[in-house]
Amino acid sequence: MEKQDNFIQENSLEQPDMMIYHTENCTGKIELNVSRGICLSSTAHNCFKIKTQGEEIDSYIARISRNIPQEEDCEKFKDQFCCENLRSCYESGNSSFAMSFFWGSQEIQDFHVLKASVELIHSSHSGEIEGILYFNDITGDFLAERMPWMLYHKNFKEIAIINTKRSVIAMDSPDNFDVSMYLNEEIDYKTYVEDLIEKTVPIQEREIFRRSTEVQTICKELEKKERYSFTIHQINSDGEKRLKNFTYMYLVREFNLVLVATEDITELSGKDVLTGGYNRQGFIRHTRSILNNCPDKTEYAVLFFNIKNFKVVNELFGIETGDDVLRSTYVELENSGLQPVITARIEADHFTCLVERKNLDFNELTRMCERKFTKDGKTIHLFGRCGVFYVEDKPMRVDCMIDRAKIAKKYITDEYVQPYKIYDNSMKDAYIDKAELAGELEDAISQGQFKVYYQPVIDASTGKVASAEALVRWIHPEKGFLSPAVFIPALEESGYISELDLYVTKEVCSFLMNRHKHGKPIVPISINLSWMDFYDESMMSWILNDLQKCSAPGAMARFEITETSYAAIREDRNNILSSLKNLGSKVLLDDFGSGYSSFGMLQNYNFDILKIDMSFVRQIETNPKTRSILGFIIEMAHEMGMQVVAEGAETKAQVDFLKESSCDFIQGYYYSKPLPEEEFVRMLEESFE
């Protein structure tokens, strides 16, 4: 008994400092004497203050609970924080606990989410149970968790929260949207809508927009279905008419909070608003239809034009004149002697045409690449460049044809003598077609061209395999072994990387499940996530929903992210990382020290394992400063509760230094290169013998 009392007194000395730390930025703080059942004092906003010193704890809790609108939470709050339960919890060894709940009045729509926490100690001075009850406003974090995945999957230009009860709105860009800001930056909704109509909506569409955005209309539509949307044109700051889609959904139905997101879908419509002709999507769709239905597609060619130094036109003559130049260029191409079947402005000053090869007059093409544009007495000399791709008699996506024509343009050597170039296969040999690789991805996955390799990670203290990193390899039937340094950036640029990452994730989970099912030894496998994965709804949904259904232990699947994911994680306010941890998965910060954001990520997010970039490890033997930095990083990571993996170890000297520096794990060619599954299994089983 004496030993237990000594522990209580020693523990009591440490806890007040911890309480001060926890309650430093709280909304309200109440000091309690649980033994006597009274409130001693309060430091809080009016709604949390005690009436008088010595007010009974149960009376105080009952009064506070009246502001909890949901009956179930209200009763739970009273049960959790009543004096009897506080005393019982402390005596059973539970000296701290917390709960979260809605707070406010539905009548006046004063909406918050609070977290109530209690910290209890045994006072060495009075011999009584004392403590602190404190409240934190976690509205921002709560709303961030409610943000639908689709916000990070689509190209939304603006998001906002509408309080339909009070008819106010808070809005911002998705890049830095803070969902708690509506509490202090609300705008009158009707005023906002009318201002938007006046500044951005074409006159002929204003009444439609006004009716579609009425609060009554929004609420009525959301009663019928989960989402309500409509499409309207808006004029941007450059005077360009864009097609916008507005989508509404409930964020917190109980408090009439509606989330609205605006998406620019101009490109999806197939039409270019500026010229009135086709845009990229329209060109691809109609060209594909023509080529699929013609007797001989080799009778056609795809042309890619751009205007040299077009930005100078905008800077010297203004955007309005620049737009006139683009419109006149489109008209010139459309009415030229090339007699194009389809003409399109695919982006900025880039144009493309589908022409019949019999009409491909290169003298006419040369003439068109040098012309004059006159407006308001000013003459502008315009020089264009053109790449030509002859359509081949084999399956090929139209966007690949455009890219080949674009590649050809890059090979023009003297644009003033010959401003065009015809694509040939020698150009392809010097340039791996990114669009083609992306187009082959689906077939490559289904045909098993991708293989998952495993690079062992070694426990520095035992020398045994502790885990592994999953790495993907592409064995192409025609091109042979493709370097990840080529196809990974290609797939990221084209937006297809998440499909590959999801494939790797499923393969790793299948590997782990199969070995676990048959009672064979397994170690955790880490999977690399691209920054784009955080914006991919199906990818994140599978990880967060289906991964937990795997029969292998959840901690066996780990996820590596790099600082290139910083922006994506920042937008999501750390919820994805928290969700992964809740599944039992560890999260690794990869390539630490390779960029400027690494320390910022450590400061803002909780990682389990730090992976030191190989550029540090490979300088261990040549740079004394590197050795000092590595020692500091390892010590810092351990101080923050993280384990450390050093990547890229290739020599015994490097490994010995890392071991002496208390590095936890080592990965690199010194132990093993990335291995096919069969070889990794052999090494793994030998390690467990």
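Glu507 counts as partly exposed because its relative accessibility is 35%, where partly exposed lies between buried, under 20% relative accessible area, and exposed, over 50% (1.4 Å probe, protein chains only). The model is a predicted one, in which local features need pLDDT of at least 70 and side-chain atom pairs count only at pLDDT 80 or more, while totals for chains, interfaces and linings use all residues. Residues are numbered from 1 along each chain as its sequence is written, and side-chain values use heavy atoms, with hydrogens and water left out.

Glu507 sits in helix H17 (residues 497-517), helices being DSSP runs (H or I) of at least four residues and strands (E) of at least two, numbered from the N terminus.

We can turn next to helix H8. Within H8 (residues 215-224), the buried residues are Val215, Ile218, Cys219, Glu221 and Leu222. Seen down the helix axis, these buried residues fall within an arc of 165 degrees, so they line one face of H8; the arc is that of the directions from the axis to the C-beta atoms. The face turned away from this buried side carries the exposed residues Gln216, Lys220, Glu223 and Lys224.

Salt bridges, in which a side-chain nitrogen of Lys or Arg is within 4 Å of a carboxyl oxygen of Asp or Glu, come to a count of 24. One of them joins the side chains of Lys611 and Glu469, at 3.1 Å from N to O. Because Lys611 lies in strand E24 (residues 609-612) and Glu469 in strand E19 (residues 465-476), the pair ties together parts that are 142 residues apart in sequence.
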